[in-house]
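Welcome, and thanks for taking a look at this one. Below is a short briefing on confidence, strand pairing and side-chain links, for you to read with the model open.

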Amino acid sequence: MKVKLFLAVILPIAVFAQEAKMDSMSTGATTFSSGAAQVEKFDNSSRLFNDWSISFGGGGAFMHSADLTSFYGNKINWGYNVYVSLDKQISHTFGLSLLYMKGKTNQKGQLPGAAGVTAGVANAWTKYDQLSLIGDVNFSNIMRRVDNHSNYRWSIHGYGGFGFMGYNTHLLDNDQYRYSTSPRRAPLDIEQKLNIQSFFFEFGTGVKYKISRRVDLDARVMYIFSGDDEFDGGGWTHNWSPGYNLIKSSYSDDMFAPTLGLTVKLGKNISNLTWHDPLQNAYDRVNALENKTKELVVCKSGDKDNDGVCDDWDRQLDTPAGARVDGSGVALDMDLDGVIDLYDKCVTVPGPADNDGCPTKVMQNTKQ
């Protein structure tokens, strides 16, 4: 049954997987460049955000829906777990984690009827190792408005995935499963190797708090559907007398694990994709451009001769002070005699420079 469930998850991925190849010689817009006219090489120097991280932490472990549970006689039998994971953020709303968890649960149970009176309350322990692939949905980024420019440090997450586990169980009571040499008795021990028969599902929810750009605080609760009736230590078969696996009709012993841990974000960039919304970033850039004050820069290179014409298009950068100029910054010479109007005493009549721009003949007539 568990093998069929595993194949049901894996086969659709294998059937619909596609391989996309891009022509490395292409420099223009292609099907694989989303129609972008500008295609650039993507390497570490062009990355805008980080998307890898490592998480670790621990917490409690409790056998919940089983024949022997961690909640018995109005008391809680505490277990523990520790975990470490390698996390890859696929988008700002979804990520994947390869997670390893190990721990131990403590549970109790009693057989019904006379067998229960004889055996008393049984104590069981389960030590387990789990390796799983978990999807992480960031609900806060899904629901966050693109026009929300406030800084936020909290986010709500949902988790779901599958994996494999190996475990060892130990059950001890006062009758069949006790330490005794006469008659010969021994506790009930079960070992499940980590293989396809130990396939399990899990889901959960949690919150993250951004302590700094490098570290997040991660609190979550995961619920594990083992698919095994032996996970709580009750025995291999459902009909094995004295029948600890008959206390409940369920064939799956399930547990939950609340954890508290830290996520260390890897990479040199300032932001991580967990807290970086590309769509919101694009809207922020557009909004900044729309509201940017339009500054008109006049005379970027200055006006060294102070003639009112910027040096960028001034054809005469050393115009004498006080001279009138045309649009290109050249001093005016109305009579075109080579003497600028500033020094020309006969502005409208051509004359030589040695006569202050006045004709010599006119000067002679004036003296007579």
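pLDDT is the predictor's confidence in each residue, on a scale from 0 to 100. That scale matters here, as the model is a predicted one. Averaged over the chain, the pLDDT is 83, and the structure holds 5 salt bridges, 1 disulfide and 15 aromatic pairs.

**Confidence along the chain**

- Of the residues in the chain, 85% score at least 70.

**Strand 1 and its two partners**

- Strand 1 (residues 52-59) runs antiparallel to strand 5 (residues 80-89), and 8 bridges join them.

**Salt bridges**

- Asp 51 and Lys 88 form a salt bridge through their side chains, with an N to O distance of 2.8 Å. This pair links distant parts of the chain, 37 residues apart: Asp 51 sits in the loop between helix 1 (2-16) and strand 1, and Lys 88 in strand 5.
- Is Asp 51 buried or exposed? Its relative accessibility is 11%, so Asp 51 counts as buried. Lys 88, in contrast, has 25% relative accessibility and therefore counts as partly exposed.
- Another salt bridge brings together the side chains of Lys 102 and Asp 129, at 4.0 Å from N to O. Because Lys 102 belongs to strand 6 (residues 94-109) and Asp 129 to strand 7 (residues 122-138), the pair ties together parts that are 27 residues apart in sequence.
- Lys 102 is partly exposed, with a relative accessible area of 36%, and Asp 129 also counts as partly exposed, at 28% relative accessibility.
- Asp 216 and Lys 265 meet in a salt bridge too, with 2.9 Å from N to O. Asp 216 lies in strand 13 (residues 215-225) and Lys 265 in strand 14, so this pair ties together parts that are 49 residues apart in sequence.
- Both Asp 216 and Lys 265 are buried.

**The disulfide**

- In general terms, a disulfide is a covalent bond between the sulfur atoms of two cysteines.
- Here the link joins Cys 346 to Cys 358, with 1.8 Å from S to S. The two cysteines are 12 residues apart, both in the loop between helix 4 (278-290) and helix 5.
- Which hand does the link of Cys 346 and Cys 358 have? The link is right-handed, with 100° about the S-S bond.
- Both Cys 346 and Cys 358 are buried.

**Aromatic rings**

- What describes a pair of aromatic rings? The distance of the centres and the angle of the planes do.
- Among the 15 aromatic pairs is the one of Tyr 128 and Phe 231, which have ring centres 6.3 Å apart and planes at 65°, so the pair is edge-to-face. Because Tyr 128 lies in strand 7 and Phe 231 in the loop between strand 13 and strand 14, this pair ties together parts that are 103 residues apart in sequence.
- Tyr 128 counts as buried, at 0% relative accessibility, and Phe 231 counts as buried at 0% as well.
- Tyr 152 and Trp 275 have ring centres 5.6 Å apart and planes at 55°, so this pair is tilted. The two lie 123 residues apart, with Tyr 152 in the loop between helix 3 (139-143) and strand 8 (154-172), and Trp 275 in the loop between strand 14 and helix 4.
- Both Tyr 152 and Trp 275 are buried.
- One aromatic cluster is formed by Phe 62, Phe 71, Trp 78 and Phe 256.

Definitions and conventions:
Residues numbered from 1 in each chain as written. Predicted model: local features only at pLDDT ≥ 70, side-chain atom pairs only at ≥ 80, totals over all residues. Heavy atoms only, no water. Pairing = 2+ DSSP bridges. Helix = DSSP H or I, 4+ residues; strand = E, 2+ residues; numbered from the N terminus. Buried < 20%, exposed > 50% of the residue type's maximum accessible area, 1.4 Å probe, protein only. Disulfide = S-S within 2.5 Å. Phe/Tyr/Trp six-rings, centres within 6.5 Å; stacked < 30°, edge-to-face > 60°.
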